[in-house]
Amino acid sequence: MLDLLAQTSLNAVYAASYISLIAVGLVLIFGVMGVINFAHGELFMLGAYAVVALYADMQLPFLMAVAAGLLFVGLLGLVMERTLFRPLKDNPLGGLVASIGLLMILQALAVLGFGVRMEHVPPVTQEVIAFSDKVRLPLARLYVIVAAVLLLTGLWYFLKRTRFGWALRASAQDPEAAALQGISITQTARIAMFIGAALAGVAGALTAPLVSVNPHMGHSVIVTAFIVIIVGGVGSLEGAVIASVVYAFVHTFVTTLYDGVIADIVGLSLMLLVLIVRPTGLFGSADRA
Amino acid sequence: MTKFLEIRGLTMRFGGLLAVDNLSFTVEHGQIHGLIGPNGAGKTTTFNMISGFYKPTSGKVLLRGEDISGLKTHEVARRGVVRTFQHSTLFAELTVLENALVGTHMPFRPNIFAAIIGWDKEDRIGAEARAREALEFFGLEHLAQERAGDLSHGHQRALGMAVAYASHPDVILLDEPFTGMNPEETRRMMGLMRALRDNGITLLLVEHDMQAIMGLCDTITCMSFGKFLAEGGPAEIRNHPAVIEAYLGGARHVA
Amino acid sequence: MPRILFFALGLIGLVALPHALSFSQQEILVFLVINVLLVASYRLLTLTGEWSLGHVVIMGVGAYASALFSKNLGIYVPFAMLLGGMTSALLAVLLSFPLFRMKGFYFLIGSFAAGEIIRLLWKRFRDPFGGAKGIKGIEPMPDFSIGVYEFDFFEPISYYYMSGAVVVFCLWILWRIERSPVGLTFHAVHWQDKLAEASGVNLRAYRTLAFSIASGFAGLSGALLAHYVGTINPNSFDVEVMVFVLTWAIVGGTATFYGPILGCVVLTILNEIVLRELGFEQMRPLIYGAIMILSILFMPKGLESIVQRLTRRTPVAAPREKVAE
């Protein structure tokens, strides 16, 4: 029983690590741009395909593939900012619709480029850390956890300690006041889009060897991310991380005890409950909708 | 004898801030009643509690003896107390006539089944007649087909009152009705308010500019820092030492 | 009157249309007719300013309900369809309690969550929903004759006439609602809910009313679909279908009654006839996505704005001064 608890907790920590990368990016984009990026799951998917192309097919080192995925998806974020979200700044529904359109395009491109079949990515390492007979943590998962912690710590440092970060937080809180302070909205939007997208891309790239990579993998990811950012309070980065952990534990335990579908239902119900009780989320107070 | 509109011990607390503190006064039927006070006196909060936008922390709003505090805005409206808004809050995308038609929602409550079958002809004719009557009263008849968002500021304010008037209210609550108006528009608006009163409608208006409503109101209640300060006719209020002190004090703060 | 002539010509065109099409095109035509009802019902909801992401699942509720009513309870199919629509409307009333605590973006996400939960329940519970495989062998519409025409529902052309008549009748009802004082109140709730409330409008009641009527018609469209295709499963009503509905509404525009219908018809023709026949099968989602983005960027007011410019009639907010005619 204790073994089960320990093992499931380890699984949950792993899930929390990549979910929080995705959710934090989504929150960052929403905070600065005021747009819910429905294509965020597809950015995750593209990061995974970068690893498929560079690491699995072209045999480049894994870390190089991950870095390339991060950079590629981050740059795609810049393109999205310039071509979609900036022109649609004054159209609240517009950004959402455009991101749904982009979702379909990216999915179709993945199908055209790689086919609908699941891709097999060779494992980075087969090693397993065995705490006991039944409690085991594959080293590959530990890498993901460590990478997520490092990235989020780096982001936290960037947001709290640098001038860019200060500008970013200021314009997330109140774009007009930030503009009066001489902060370039366009500049902060670019940074937010790059970081937000890159985080999704790197999450996809890191987990590619551990999940089934296919063109439609973004769907469950975006649903999860929505649940997490709602529970965490839209606009709150800390809330998103905390909610990722809470969600990962709830979902992993319900999956272990019952089954995956029930776990999904519980997750969605959790989100509805939060919306009913506190329509702006548990930790958030930002109301930009 | 039950009073017409009685505010009894109204209190509103936002967190640690006591915005309105145990406020009581009575509005007589058929009068123009002014609620004045320097900025931050709690007038708008009081206004929002009477109109059902806020639920008071404690205290009551009694309309003909019935407690209407804590009711939703539409429930308050259905009891005959209709509010207007500080800014030009209108259905900007709809025409002037359509704005007034929304105002007739209460006397001619739409019924969806009758509307589908076409059994609501009489109601529709009645509603349109009432809407046009309201527009005529405020001199907007000739603008009936204009988009409300395209009207001049003065006309928009008048339309806001026409929407309220179209619903056959007993009381109209006016939130700073003269803000942003030039003297000519102000003079015309005062004339309309007197005409409303002469039609048996009670008006309660909130205003921080004391001079603007001196010549208009029958009774004035003055509040300061959330508390009742003084009440009386315009002449009485104008010379009331506490009122002068409150306004001068406020002016010193501003300066 | 030229207007009556216009409608008569349109009707004749609609009756004659399937005879000029191939069998597979006739099948597409049936789907198109059903989708027209779906997207028109969606517009009624958007009248109050709320955009839902659960509308297609609500359609599915009508489909499942009608299929189960006819299959398990042996209810005559046309009645089962009506009951299916009512089930959707009733569910919408229930859902309105949690969902209408939210507004705008939160309503969007909330409706999405509610829809996904319903879909997962279908998936999870084999009895009675059939699990991931869904329901197969749904009762077809029973054949009947109206003297001049024999309805044989193995023929898409018959189903087209039947569903077409139902849809035209539903559109008429929706149009009557929109042009009525109730419709005006929906507009009022959308543009200035505070002022509407101050005019005595019960916001919750009107939002719920729009939501349940829209859901009822969506459910009916789902029932029409279920008894035509004979098989439904949770994936028949997934987010991708919702994206299509959203696209139709956006590309067509939602300021007018005909906008979303126009978007649905134009995109379906483009999608099914042009792209499929040209052999772009795999590229379809890509092109759909591109159309969505391009139209929101360069045609934010939708196809209807072009029609309005061509016909040069009244301003966007539509004339309702004829109420007393």
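## Packing of α4(A) against α13(C)

In this predicted model, helix α4 (residues 92-114) of chain A and helix α13 (residues 284-298) of chain C have axes that come within 7 Å and cross at roughly 155 degrees, the axes being lines fitted to C-alpha atoms over the stretch in contact, with angles from 0 to 180 degrees between N-to-C directions. That angle makes α4(A) roughly antiparallel to α13(C), a label given to angles over 145 degrees. Helices here are DSSP runs (H or I, at least four residues), numbered from the N terminus.

Residues count as in contact if their C-beta atoms, placed from the backbone, lie within 7 Å; among those in α4(A) that meet α13(C) are A:G94, A:G101 and A:L109, and the α13(C) side includes C:P285, C:G289 and C:I296. The residues of this contact divide into 15 nonpolar, 4 polar and no charged, where Ala, Val, Leu, Ile, Met, Phe, Trp, Tyr, Cys and Pro count as nonpolar, Asp, Glu, Lys and Arg as charged, and the others, Gly among them, as polar.

## Chain C against chain A

The contact takes 31 residues from chain C and 34 residues from chain A. On the chain C side, α5 (104-124), α11 (239-252) and α13 each give two or more residues, and the largest share, 12 residues, comes from α5(C).

## Chain C against chain B

Here 28 residues of chain C are in contact with 33 residues of chain B, and α8(C) gives the most to the chain C side, with 7 residues. That side divides into 16 nonpolar, 7 polar and 5 charged residues.

## Conventions

Residues are numbered from 1 along each chain as its sequence is written, while chains are lettered from A and ligands numbered from 1 in the order in which they are written. Local features need pLDDT of at least 70 and side-chain atom pairs count only at pLDDT 80 or more, whereas totals for chains, interfaces and linings use all residues.

Technical notes: Angles under 35 degrees count as roughly parallel, over 145 as roughly antiparallel, 65 to 115 as roughly perpendicular and the rest as oblique. Two residues are in contact if their C-beta atoms, placed from the backbone, lie within 7 Å.
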